[in-house]
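Keep the 3D view open as you read.

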Amino acid sequence: MDWAQLLDGRRLQDLNYEEQPNRPSYLQDADRITFSAPFRRLANKTQVHPLYENDHLHHRLIHSIETSSVGRSLGVEVGEWLERAGKVPEGDRHRISGIVSAACLAHDIGNPPFGHSGEAAIGQWFEAKFAKNAPLFADLDLAHQAEFNEFEGNAQGFRILTRLEMRRNQGGMRLSRGVLGAFTKYPVTADVKNRLSEPYCGLKKFGVFASDLPQFEEVAQATGLPMVEHGQGTWWRRHPLVFLVEAADDICYNILDMEDAYTSGDLSFDAVFDLLAPLSELESGAKSRRLPEEAISYARALGVGKAIRASVEAFETHYEAIMDGTFSEALIEVSSKADEFNAIKKVARERLFTSKRKTELEVMGRNVVHRVLDGISDVFEALHRADWQENQLSSYHRQLVKAAGLDLRDVSDSYTALHSLADYVSGMTDRYAVKIAKMLNGG
């Protein structure tokens, strides 16, 4: 792969765009993301801990901003190293940093309400509907069903950025193709991914819906991502900067989840500090010289810095494999801080993700999401019966469209109908999902 292509600043589906020296595309991209409604809605979407119980806990918006900050640091350090090594022109460290930062800003923009449990709830609902073979659902072949059965926030995020927001069906936000390449962790469709068995990190999930593949093909061609043509389908190797975006996310959610765990009372001060201290390279005596919350905050800040340096070193060590598309690990997992992060992940898996409060949230969230989908899908089933003629809907269904704020502009068959339904529910905040569920159930 070649950096001149990878850092492409031209815009998706905008042949007339010319990048200005005083306003590079990656800065405009960050602004477009920041001022968008889907980004703003992240303020009321769960990160890990249930919202509204403590104002100091992270939600998706704060997490995205912090990830963008860490991504900026990762990008500028890697960019500076690339400049010193003569691999990119002088000054490109700022472009690399800006691209990573903007991609990080958007990395959770497609996530539904109630965190990953909401993602699972959407998939479970669709899977049950396909199993019943109801008319609206029976029209889809197995290849398209996979996009809904395994609903994926990463693919929904790409759809929002490139299709739904701003210039609908005309490039969406029209972000630069370098940023979109760095955003796409899983450059493969659901159908192709499910037919492959290759152990590559970019194939763990899918990141592009079949309907949005033309937009990704433009990104991949412009940025020079290696295409793999397989008997089971076509997919692409990851953009090298994806690994920095992923590292920024790994650093933030692992370390900040621990700080939140102390703030929420899910883990004791000693338990959290003793996990962060080795990462931060602090001596145990450091916790006795500060208030507990100050000690945790200090360990967190130092830990983020140490993890950034370790990730940069891992990028440098594995540079050749990253650039030829064969590297298939997370930078944190092959870094000098891998053991410390594994210890944090173990505690999170065994004590945080199974906590009573989180389990209650997941049960409640699943029921809310299913109630919304049950109620709203009635509109799309009626549209199916009416041969997709909105003016043939009953007065109740027209009222429901208006009350719920449904957007039916692109609905013309079962596939577009189900994507419209998924767009609607995945775009909800936690609060709004609860509100609509109550409306639909007469509550």
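## A residue to start with

Ala-348 counts as buried, with a relative accessibility of 6% (buried means under 20% relative accessible area, exposed over 50%, and partly exposed in between, using a 1.4 Å probe and protein chains only). You'll find Ala-348 in helix H17, residues 338–352. Helices here are DSSP runs of H or I with at least four residues, strands are runs of E with at least two, and both are numbered from the N terminus.

What does Ala-348 touch, leaving aside its neighbours within four places in sequence? Ala-348 is in contact with Met-258 and Phe-353, where contact means heavy atoms within 4.5 Å. Arg-168 is 180 residues away from Ala-348 along the chain, and their C-alpha atoms are 39 Å apart.

## Where the model comes from

This is a predicted model, in which local features need pLDDT of at least 70, side-chain atom pairs count only at pLDDT 80 or more, and totals for chains, interfaces and linings use all residues. Residues are numbered from 1 along each chain as its sequence is written, and side-chain values use heavy atoms, with hydrogens and water left out.

## The whole protein

The protein has 21 helices and two strands. Its radius of gyration is 22 Å, close to the 22 Å that the globule rule gives for 443 residues, so the protein is as compact as a globular protein of that length. (That radius is taken over C-alpha atoms, and the rule is 2.2 Å times the number of residues to the power 0.38.) Along the principal axes, the C-alpha atoms fill a box of roughly 70 × 50 × 45 Å.

Of the 443 residues, 57% are buried. Looking at contacts with a separation of 6 or more, 71% are between residues 24 or more positions apart.

In helix H12 (residues 213–223), the buried residues are Gln-215, Phe-216, Val-219, Ala-220, Ala-222 and Thr-223. They pack against helix H1 (3–6), H9, helix H10 (177–183) and strand S2 (233–236).

Is Gln-156 buried or exposed? Gln-156 is buried, at a relative accessible area of 1%. Beyond four places in sequence, its contacts are Gly-110, Phe-151, Leu-164, Phe-209, Asp-423 and Ser-426.

## The pockets

The largest pocket holds about 740 Å³ of space. A pocket is an open set of points on a 1 Å grid over the protein atoms alone, where a 1.4 Å probe fits and protein lies on both sides within 12 Å along at least five of seven lines; lining residues have an atom within 4 Å of a point. Volume is the space filled by probe spheres set on the points, which are joined across faces, edges and corners. There are 32 lining residues, with His-116, Lys-185, Lys-205, Asp-249 and Tyr-253 nearest the centre. H13 gives the most to this lining, five residues.

The second largest pocket has about 430 Å³ of space. Its lining has 20 residues, and Arg-41, Leu-164, Asp-407, Asp-423 and Tyr-424 are the closest to its centre. Which helix supplies the largest share of that lining? H20 does, with four residues.
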